[in-house]
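Hi,

Here is the structure I promised to pass on. Have a look at it first, and my notes follow below.

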Amino acid sequence: MGSTGESRQPFEPFRIKVVEAIPNPSPERREAALVRAGYNLFGLLSDEIRVDLLTDSGTSAMSDRQWAGLQTGDESYAGSRNFTHFEAVAREITGFPHILPAHQGRAAENLLFSAMVQPGMIVPNNMHFDTTQAHVRHKGGIPQNLAISEAYDPRSEHPFKGDVNLERLQALLDGPDRPRIPLVMVTITNNTGGGQPVSLTNLTAVSAICQAHHVPLYLDMCRWAENAYFIKEREPGMSGLSIGEIGHRIFALADGATMSAKKDGLVNIGGFVATRDAELFDRLKELLILYEGFPTYGGLARRDLEAMAIGLREAMEFDYLAYRVGQVRYLAERLEARGVPIFRPVGGHGVYLDVTRFLDHMDPKELPGQALVVEIYREGGIRTVEIGSIMFGDSEDGSHPPLELVRLAIPRRVYTSSHMEYVAECVGRVYARRKSVRGLRMTHSPERLRHFTARFAPL
Ligand code: P71
């Protein structure tokens, strides 16, 4: 990775100006925390965690320029100059004329699906993430995953495992269900399936199919810059283009997007919904005022809009993205050097452990993904998240059982290679003693988005 010679450690294109102490909870404290939290790591306190890889969402370190931007907050209820700046940046990046801020991605989803989805309608996507799926269902809709078959094979080295299965999309839109499909969505990158990118070639074909059937195409663009980096690296003819130019090609294919700027917007809170459709924009605006706030702030402080305007641009800098993807790959290499089975190829925002191979002695009924999350915490105070039958097992559409993964999501610009080394050592130790890992059973299972608040007990 880049300019550090022999070692594969990525060069961090920043230096550290402010530091935050990392807690070091004792094994006894960790064990007590697990019991109190019902073996669900969402229930832990940050003081009980040494390295937090729960999510890359809203956990980024902001730059000095973003912090300076906060100080320029113009907290006018309407017409703030921070909104004007944010709107200009979001328009410039996406080319979508109509932009509405929202406090985070799921708020944007709520607005879009409230305006477009009626009971009984079907929303296709390469793979829905948890909140997207839950919002489709909340409107009475039926989420349908249409990823290519390689997406479900942890060992396939397909360079664009986020791609949509074009035959299935075509068949769905040619078939009797066409009137029930208000929009098609594509998630870039595919978070549920390992942080895998979607190719420009595939997006171009999806867009053509949608246009031929007069169905609008919306992107879930929260990791679009990482996706564009993979396109630049892997897709023929793309290496000479900037991330911004690749972005223009991506967004030109779509009618609009939802964005959680907590990812490739490098902010701790923020998001937006964007569209080309002026009539839809008016309806979204009414819903925005109902749920989030006036259209020039959308549930955010105006200073947050300024940080978002700056962060959206920083997230598309090539050196930053080379470091970002390089750090994820570095962790993957250190894990693979210890024999740890991971989902291949390495994605954009984290390393996903292949639970089926990691705990091949365990029965799926023993909840191996959650058992592994618990064991990695026990070993090193590291917080990860299950992306498997707990997150998605209650919501299968029958087409495919969920992948059984544990995600080590890397917050942006937060941890160094030493932290990655520590994580690899701890996970490597758990792998070496994997036969000692005990299963769990679920003792409390909420109806919707159960993984956030479920409780478990050891078997
Ligand atoms: C992620 C999250 C957020 C999360 C999920 C589970 C545990 C902890 C945190 C959020 C996404 C996403 C995609 C593709 C929409 C949202 C919602 N991801 N689409 O991956 O990945 O955005 O969180 O801003 O509401 O950890 P929001």
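A word on burial before anything else: "buried" here means under 20% relative accessible area, "exposed" means over 50%, and "partly exposed" is in between, with a 1.4 Å probe and protein chains only. Keep in mind that this is a predicted model, where local features need pLDDT of at least 70, side-chain atom pairs count only at pLDDT 80 or more, and totals for chains, interfaces and linings use all residues. Residues are numbered from 1 along each chain as its sequence is written, and side-chain values use heavy atoms, with hydrogens and water left out.

Most residues other than glycine have a negative phi, and most peptide bonds are trans. R413 has a positive phi, near 65 degrees, and counts as buried at 15% relative accessibility. R413 sits in the loop between β12 (405–409) and α16 (417–432); helices (H or I, at least four residues) and strands (E, at least two) are DSSP runs, numbered from the N terminus. Y39 also has a positive phi, of about 55 degrees, and is buried too, at 9% relative accessibility. You'll find Y39 in the loop between α1 (27–36) and β1 (51–52).

There are cis peptide bonds as well. One joins I188 and T189, with omega about -15 degrees, and T189 is in the loop between β5 (184–187) and α7 (200–212). Another joins R344 and P345, again with omega about -15 degrees.

The ligand

Which residues are closest to the ligand? They are T55, R106, S260, K263 and R407, out of 21 residues that surround the ligand (a heavy atom within 4 Å). Some polar contacts (pairs of N or O atoms within 3.5 Å) stand out for a look on screen. Oxygen atoms of the ligand lie 2.7 Å from a polar side-chain atom of R407, 2.8 Å from an N or O atom in the side chain of N191, and 2.9 Å from a polar side-chain atom of R223. Taken alone, the ligand exposes 560 Å², and the protein buries 97% of that (Shrake-Rupley areas with a 1.4 Å probe).

Cheers

How values were computed. A polar contact is a pair of N or O atoms within 3.5 Å; within protein, one must be able to donate a hydrogen and the other to accept it, and residues adjacent in sequence count only if both atoms are side-chain atoms.
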